[in-house]
Amino acid sequence: MVFSWKLQGSRIAFIVAAVIPLFSSLVTAQPPQPGEYSPVKYTVIEERNCDAPMRDGVQLKIDIFRPQAEGRFPAILQQTPYNKNGQAARAKNFASRGYVVINVDSRGRFESGGEWDPFSPKHKTDGYDLVQWIAAQPWCTGSVGTYGLSYMGWTQWWTASQSPPALKAIVPEVAPPDNFYNCPYQSGIFVCWMMDWAGSMSDRLPYSAGPGAYGGFAVNREKAYDRLPYIDFDKTRNYKPNAWWRKWILQNTADGEYWRAIAYQTPESYAKVKVPSLAISGWFDANFPGTPMNYLAMKQYGGTPAARHPRIVIGPWQHIINRYRKAADVDFGEQAIIDWDGYILRWFDYHLKGIENGVLKDPPVHVFVMGRNKWRAAQDWPLPQTQFTKYYLRSGGKANSSDGDGTLSTQPPGNEQADRYVYDPHHPTPSAPFTNGHIDGPRDISKSAARSDVLVYDTPVLTEDVELVGPITARLFAATSALDTDWMIRLADVHPDGRSLFLGEGVMRARHRDPERHGAFNPHKLSMIEPNQPYEYQIDFWRPTGNVFARGHRIRIEISSSYYPYYLRNPNTDEDNLGLATKFQIAKQTIFHDAARPSHVVLPVIPVDK
């Protein structure tokens, strides 16, 4: 059976497609090649703090970087809430090569007018107005592209979904998906780093929300997050008063108008995107799912033939892409760094300048395979030769900790005892260290795997290399004594010396179990649970992998109900909104793996190259 991403109704999901024959995709052992692109040719003129008018009369502040030459040039736009002044170096580089680059402070941030709300629908119309205003300027040819990472990836998709006529191409870098799939909620679970981010972004200027806030790393983070109810975090964490923080907590499903207004991952929105996209992410990027979700949805729903031919690049990086060849002290080799800005320039040279440079002949997919430390290039994602293989959870009922009897096997289970553990929110399973919201590499998580509240399932020691590249799903049959709880499942590479290196994970809040009611924007209510009643949970790993498990290693799957402080703890209570809970309750958890309830993961196995 083969699993793939598909936009189903109003959510993107893994679905069973069919049994398909394997066929060879284009495979290379080289990174994305920038080829020839516009050389440095111009002195750059800088025009700072200019005004750009929006349709409601608000003036956004912009910096303009343009060639000191007569004539018109194509333009590149970047909208940022992080201070346009910090984006000058990249802008100057592009401008010196024959582009006008416009950096904009987002509405309500720094010197731009208007009220700041990270997820106001006005960001969509601002993007449209900016593109059309830029195209009408005397220094512009009328062709506009966009680029930028993280939040600036969001602004690009929001803008493109409004179909501005002058927009010709986009380069969303580490762009998050819709808010209920990844941040601030991840399959129903609030990620702590978004609480940090909310504090730092709670005012017009960068703001310190107290020890351990975003940008202050992990100082006293656990102590700060220990307080209930979560909705008062803006008070206990010293946020600046604002109109949006409590909406985040009170509108705890995608049913609310607040989330619906900013959503872009719907068939209708994708159909309005009429331009080609070149996207990039890293295996350890906390916002990873946006990149493959958008790639597959644009292929299906894009508004023009060009839009239906997206491109993606995935490297061995965290959120700050292509800066270091090391992640969490693992060195991925010299190929880990590529000429990414050169590749972007070649992309814009074709789409904005009309230079025939062969960029459309490049493979649409480039992925870096860790462990092998080489690139693969392919005609599609998931890689066409992928063999999606079920690995079943097996044990004698004592899979607790890495010293337990849990195994991971391609053989289905028979009549086996279920595994049980206790989830106590007062003593949660510790997460891997993270920096500014991102588990920044293959961290050793063997210490937490030694706990009794973690179920551990290992393959036997591998007798040959196993390469996994692509999306991962899990199917758990589970019960809880609580009225609500969380399920968290992780993939790790266990080395012969005992280190267990984190690679990816999937999570789900129990009341989000219905596959038609969780994930990207979906206007449905939550599905409550009955204590001690077994339910089936289909969990998409939001962080897939591209890794070779070497001979002598083991493939490991871990299950827990907390991973703190990366995720806020589920208090296991029955409040309609867990952000209002004032107490924690202990939950007794059961994972079934027998013939009738065969809990398993589906791993993307790449056949050995012949």
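Visitor: How many aromatic pairs does the count come to?
Guide: The model is a predicted one. Rings of Phe, Tyr and Trp pair if their centres lie within 6.5 Å. By this rule, the number of aromatic pairs is 35.

Visitor: Is the pair of Trp157 and Tyr270 stacked or edge-to-face?
Guide: The ring centres of Trp157 and Tyr270 are 6.5 Å apart, with the planes at 80 degrees. Planes over 60 degrees apart count as edge-to-face. The pair of Trp157 and Tyr270 is therefore edge-to-face.

Visitor: How many residues apart in sequence are the parts that Trp157 and Tyr270 tie together?
Guide: Trp157 belongs to helix α3, and Tyr270 to helix α9, residues 267-271. Both Trp157 and Tyr270 are buried.

Visitor: Is Tyr185, which pairs with Phe190, buried or exposed?
Guide: The rings of Tyr185 and Phe190 have centres 5.0 Å apart and planes at 75 degrees, so this pair is edge-to-face. Phe190 has a relative accessible area of 4% and is buried. Buried means under 20%. Tyr185, at 5% relative accessibility, therefore counts as buried.

Visitor: Which residues lie closest to the centre of the largest cavity?
Guide: The largest cavity holds about 170 Å³ of space. Its lining has 15 residues, of which seven are nonpolar, five polar and three charged. The closest to the centre are Tyr185, Gly188, Arg509, Leu578 and Gly579.

Visitor: Which residues are closest to the centre of the largest pocket?
Guide: The volume of the largest pocket is about 900 Å³. Its lining consists of 34 residues. Those closest to the centre are Tyr82, Leu149, Met152, His319 and Ile320.

Visitor: Which helix gives the largest share of the lining of the largest pocket?
Guide: At least two lining residues come from each of α3 (151-160), α4 (192-200) and α11 (340-353). The largest share is four residues, and the helix that supplies it is α4.

Visitor: Which domains each give at least three residues to the lining of the largest pocket?
Guide: By class, this lining has 18 nonpolar, 10 polar and six charged residues. At least three residues are drawn from each of domain 1 (28-178 + 264-378) and domain 2 (387-606).

Visitor: Over which ring does the charged end of Arg569 sit?
Guide: The charged end of Arg490 is placed over the ring of Tyr563, 4.1 Å from its centre. For Arg569, the distance to the ring centre is 4.2 Å, and the ring is that of Tyr564.

Terms used: Residues are numbered from 1 along each chain as its sequence is written. This is a predicted model: local features need pLDDT of at least 70, side-chain atom pairs count only at pLDDT 80 or more; totals for chains, interfaces and linings use all residues. Side-chain values use heavy atoms; hydrogens and water are left out. On a 1 Å grid over the protein atoms alone, a cavity is a set of points where a 1.4 Å probe fits but cannot get out, and a pocket is an open set with protein on both sides within 12 Å along at least five of seven lines; lining residues have an atom within 4 Å of a point. Grid points are joined across faces, edges and corners, and a volume is the space filled by probe spheres set on the points. Ala, Val, Leu, Ile, Met, Phe, Trp, Tyr, Cys and Pro count as nonpolar, Asp, Glu, Lys and Arg as charged, and the others, Gly among them, as polar. Domain bounds come from an automatic or database domain assignment. Rings of Phe, Tyr and Trp (its six-membered ring) pair if their centres lie within 6.5 Å; planes under 30 degrees apart count as stacked, over 60 as edge-to-face and the rest as tilted. Buried means under 20% relative accessible area, exposed over 50%, partly exposed in between (1.4 Å probe, protein chains only). A charge sits over a ring if NZ of Lys or CZ of Arg is within 6 Å of the ring centre and within 35 degrees of the ring normal.
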